[in-house]
Amino acid sequence: MSDISTVLQEHRVFAPPPDFAKKAHIGSLEQYRALCAEAAADGDAFWAARAKEELHWQTPFGQVLDWKPPHARWFLGGTTNLAFNCLDRHLPKRAAQEAIRFEGEPGEVRVLTYQQLFEQVCRLANALKALGVKAGDRVGIYLPMVPEAAIAMLACARIGAVHSVVFGGFSAEALRDRLADAGATVLLTADGGYRKGAVVPLLANARAAKAAGIPTLQHTVVFQRLPQAPALVAGEHDWAALCARASADCPPTWVDSEHPLFILYTSGSTGKPKGVLHTTGGYSVWASLTTRWVFDLHEGDRYFCTADVGWVTGHSYVVYGPLLNGTTTVIYEGAPTTPGPDRLWQLIAAHQVNVFYTAPTAIRAFMRLGDEHPRKHDLSSLRLLGSVGEPINPEAWMWYRDVIGQGRCPVVDTWWQTETGGILISPLPGATPTKPGSATLPLPGIFPEVLDQKGNRVEVGAGKLFVTRPWPSMLRTVWGDDERFQKTYFAERPGLYFTGDGARRDADGYFWVIGRVDDVVNVAGHRLGTAEIESALVSHGKVAEAAVVGRPDALKGTALVCFVTVKASVEPSEALAAELKAHVAKEIGAFARPDDLRFAAALPKTRSGKIMRRLLRDVAAGQDSKQDTTTLEDLSVLAALRQDDE
Ligand code: WT7
């Protein structure tokens, strides 16, 4: 018996459209399998070839991999620079080509060519040097989604400084914790940013964070985003003035392949956030390669990923991956529904976007808002659609394909993590037949396995998801806590990377990631991924979104509690609750009939859109939560859920 049972079976398969496959970088399953075989036969040779193709190395590397589990070092002795690879390498050929195409929430458009981006990065890099920043020093970045966020990251990379981007939606307290842990000496921020028609008070938060104590912090550089220039105090510098004074000539600092590139904080199920550390060479190789493979970028493409640079997706697939490939990356500052529910579709039409990458939570939200909004806009420029962040339920996948992609665009469901640095499991759009809800197959060079509780390989069935061989963009450690790194990722099975996710492999070897293993519930002896029950609920025509948790139950061990938000036109009722319970029983089986079904106006989510099931578990159990709520987007949602309870 396997450890995790799965019950939803999805049988639809979509082959890559022949036209698409013809032009794709990887255009057939044979080509994909040949690359996989090459990597399996001789990993060192495979990775050495990829590393040389993807990057300029100032000093060639010698040994490809030094693997002393759990510590990996890649491309030993090689030196390179990520900013050089994103910018200088494209000049003068792409000098006049658009690197960044930006639209602010208020609607202004700004375009930076590769030449202009290069100059701005060099100026800021020199300005940072003038403030005393040296290779290895940590620089905090707390900015809205404006081109300066990318400029800031690239300027750090250019001089070998280690950036730590903190999402602009985080509070002063969360910012303080992260900057203090990283030991940042300089903070790059802005006076504010625009979101949902309001101003996010970034500078006020940055000041409060500093006041709360960041012992290492010496300088704050403030980009002026708002109309009124802010009055700066001691230790604060005006971004534009610093850059105007700085030279536009800044030779890259060649750093060792294993030189730290960035620290990015990510939450675990317990304790304070972990500072995931990525290093230069391996991360850059994989960001570059996966962006081209998975998004099948071609000359002149406009590529739009809706992630914020505060998340790893913003690092790898808004900034570094697209720029390494010489693509135009579209950056949008604001909320997806401001000023109206069609903002993203308007952006796609206005900027003639070819490749679009977003999250299931957004897709479900748009589904709920209604098809009339995308239908108002000309989406014919789109060629490919991507999804990332959580399991995408088949209904949302189909809607994305049919309504946004108009049945024409392949959908790539990309599985990866902050820790993996880049995409590990995903269709290659010109090669892999897709199944709605499955991230499909591992990319060449990646060796995931599903293992049961005893550590045996599950050929077909569910279990825990591991990656059994190191890959170049894997995290190197948890900043300042190597023991936590070992315990979190390598204690489960020594030498194997544990993802924390549960997954199912089907008879075709396809992976169906079913969510974090701490999001599984044990129902009548079956450990079910809550995502599957949620998916069953959302497949009902009246449901917009659902979250399912377990509640300790004296009789059954665990009772299933479902939180459901309904579509805009639907009235919650007792009758509907009964209907939905019956629907789950029909879709999954009577054993999975929910014990309790509650309607909610909204579900508690992190700022990156993940449903916070650990909070719902406490609500379901009628307990006061002692959980960390600092990543919760909207505290009032939780209060409302509690009230319903009384
Ligand atoms: C966790 C990682 C990777 C960038 C965004 C999230 C879940 C991510 C998928 C997917 C099913 C997914 C996993 C993973 N996840 N992508 N395509 N299908 N689950 O980064 O915050 O580090 O979260 O997100 O549970 O472990 P993150």
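This is a predicted model: local features need pLDDT of at least 70, side-chain atom pairs count only at pLDDT 80 or more; totals for chains, interfaces and linings use all residues.

A: An oxygen atom of the ligand is 2.8 Å from an N or O atom in the side chain of Asp501. The protein buries 89% of the 560 Å² that the ligand exposes when taken alone. Among the elements, α11 (312-324) and β25 (511-516) each give two or more residues to the shell around the ligand.

Q: Which atoms lie 2.6 Å and 3.4 Å from a nitrogen atom of the ligand?

A: At 2.6 Å from a nitrogen atom of the ligand there is an N or O atom in the side chain of Asp413. At 3.4 Å from a ligand nitrogen there is a polar backbone atom of Glu390.

Q: How many residues surround the ligand, and which are the closest?

A: The ligand is surrounded by 16 residues, and the closest are Asp413, Thr414, Gln417, Thr418 and Asp501. By type, the shell has six nonpolar, five polar and five charged residues.

Q: How do I read the side chains along a strand?

A: In a regular strand, side chains alternate between the two faces of the sheet. In strand β7 (residues 162-165), Val162 and Ser164 point one way, while His163 and Val165 point the other way. These four residues are all buried.

Q: In which sense do β6 and β7 pair?

A: Strand β6 (residues 138-142) pairs with β7 in the parallel sense, over four bridges. Arg138 stands opposite Val162 of β7.

Q: Which unit do β6, helix α6 and β7 make?

A: Together with helix α6 (residues 147-159), the strands β6 and β7 make a right-handed β-α-β unit.

Definitions and conventions:
Residues are numbered from 1 along each chain as its sequence is written. Side-chain values use heavy atoms; hydrogens and water are left out. A residue is near a molecule or strand if one of its heavy atoms lies within 4 Å of it. A polar contact is a pair of N or O atoms within 3.5 Å; within protein, one must be able to donate a hydrogen and the other to accept it, and residues adjacent in sequence count only if both atoms are side-chain atoms. Accessible areas come from the Shrake-Rupley method with a 1.4 Å probe; for residues, only the protein chains shown count as cover. Ala, Val, Leu, Ile, Met, Phe, Trp, Tyr, Cys and Pro count as nonpolar, Asp, Glu, Lys and Arg as charged, and the others, Gly among them, as polar. Buried means under 20% relative accessible area, exposed over 50%, partly exposed in between (1.4 Å probe, protein chains only). Two strands pair if DSSP finds at least two bridges between them. A crossover is right-handed if, with the strands pointing away from the viewer, the path from the first strand over the helix to the second runs clockwise.
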